[in-house]
Amino acid sequence: MVKNVFFFFLVLGWVSGGRAQYLTIHVDQSGSSDFKTIQSAIDSVPSNNSQWVCISIKPAIYLEQVTIPYHKQYIYLKGEGNEKASIVWESRGSFRSSPTFSCFADNIKVENLNFVNSYNYHHKAPAVAANVVGDRMAFYDCGFYGVQDTLLDARGKHYFKRCIIEGAVDFIFGAGQSIFEECTIVVNVGKSRREGSKGYITAQGRSGANDSNAFVFKNCNVTGSGKAILGRPWRPYARVIFFNSSLSDVIVPYGWDSWNYANQVDQLTFAEINCYGPGSNTSKRVAWEAQLSQEMTEYFVNITKFIDADQWGHHGR
Ligand SMILES: *[C@@H]1O[C@H](CO)[C@@H](O)[C@H](O)[C@H]1NC(C)=O
Ligand SMILES: *[C@@H]1O[C@H](CO)[C@@H](O)[C@H](O)[C@H]1NC(C)=O
Ligand SMILES: *[C@@H]1O[C@H](CO)[C@@H](O)[C@H](O)[C@H]1NC(C)=O
Ligand SMILES: *[C@@H]1O[C@H](CO)[C@@H](O)[C@H](O)[C@H]1NC(C)=O
Ligand SMILES: *[C@@H]1O[C@H](CO)[C@@H](O)[C@H](O)[C@H]1NC(C)=O
Ligand SMILES: *[C@@H]1O[C@H](CO)[C@@H](O)[C@H](O)[C@H]1NC(C)=O
């Protein structure tokens, strides 16, 4: 029944063509609209669809795991109104099956939603709030909350704008090719069960010398409580760049850690350009911190060049 309704509106969308940019379906826990859960709305989108579908989500706490499978592209998940809907799950285990939110499809846009993995509020273990695997994905005004391994920015070209990402240990990690613009990065070591130990903001996973991925933080605000480093390499060619960002005194003077690659630091690209704030003084940074040329800097911080060479462009907001 629901599926038939969906196709009916899809046809309507085409008929009104040109003007209507996408079909919208609604999620509301009260049951007064199309779907009660976010996953059931995603399930209603036909596999291999090639039209944008907006799933509009009424503010509430959704206690469910949400997955966008590989064959469901062109989904636009949108939290309605000012108060963000939160998707909350509590689990640890495989990165493939345990995260609160997983997206395996390409061409996905997400706006105004919070993703929470609350497992770490009681236990210590990797507990991913979002696993972002598809290519050409954009997140606007979203929140990612956890402690260890909050955001698995696994692979593909991604854009995060005005998002909040919170955690303590390796909480932005993976081999994504991503720009984080105007995001707030919150270190919560001081509030989590890891109080007193050191935090690690990034654990970037670039594994080969010719791989195109890197994490670029542009005009961001790094804040929070406790002490943390900007990053350590998950893989031997890790690249992380903080550009024109505010760094609070949560950042320790040496800034970065070589983890398992102390003998290969020349392969790492960890750089800071034009950062400011009490944690930004680079005079005591590790000696191997990278110095980027102006040309390389311009490449990494330019959205068109670094993540949008194929002009997928749903970063217009
Ligand atoms: C979607 O496309 C894939 C790859 O072309 C195909 O294997 C799969 O059967 C399709 N699914 C549906 C429901 O059409
Ligand atoms: C990386 O690219 C260079 C230049 O194209 C090539 O010579 C080299 O073999 C590549 N290395 C790897 C590991 O693929
Ligand atoms: C960064 O965020 C903190 C905490 O919200 C805030 O106090 C501070 O003013 C922000 N700094 C900048 C430069 O926006
Ligand atoms: C650097 O950050 C400041 C404050 O957020 C902003 O006004 C300025 O436009 C940024 N510069 C660049 C080159 O993005
Ligand atoms: C950075 O730290 C060094 C050593 O502690 C100090 O001499 C220098 O004045 C600081 N620079 C700034 C811009 O605060
Ligand atoms: C970014 O790169 C594009 C494509 O090369 C170029 O047209 C644009 O002027 C660049 N933007 C900035 C701010 O340099």
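Mentor: A residue is called buried under 20% relative accessible area, exposed over 50% and partly exposed in between (1.4 Å probe, protein chains only). This is a predicted model, in which local features need pLDDT of at least 70 and side-chain atom pairs count only at pLDDT 80 or more, while totals for chains, interfaces and linings use all residues. Residues are numbered from 1 along each chain as its sequence is written, chains are lettered from A and ligands numbered from 1 in the order in which they are written, and side-chain values use heavy atoms, with hydrogens and water left out.

Trainee: What does Tyr74 count as, and why?

Mentor: Tyr74 has 23% relative accessibility. Since that lies between 20% and 50%, Tyr74 is partly exposed.

Trainee: How many aromatic pairs are there by the ring rule?

Mentor: Rings of Phe, Tyr and Trp (its six-membered ring) pair if their centres lie within 6.5 Å; planes under 30 degrees apart are stacked, over 60 edge-to-face, the rest tilted. That rule gives 20 aromatic pairs.

Trainee: What kind of pair do the rings of Trp52 and Tyr74 form, and why?

Mentor: Their centres are 5.4 Å apart and their planes stand at 80 degrees, so the pair is edge-to-face.

Trainee: Why is Trp52 called partly exposed?

Mentor: Its relative accessible area is 24%.

Trainee: What makes Phe139 and Phe160 a stacked pair?

Mentor: The ring centres lie 5.0 Å apart and the planes meet at 5 degrees, so the pair is stacked. Both residues are buried.

Trainee: Which residue has its charged end over the ring of Tyr200?

Mentor: Arg232, at 3.6 Å from the ring centre; the rule asks for NZ of Lys or CZ of Arg within 6 Å of the centre and within 35 degrees of the ring normal.
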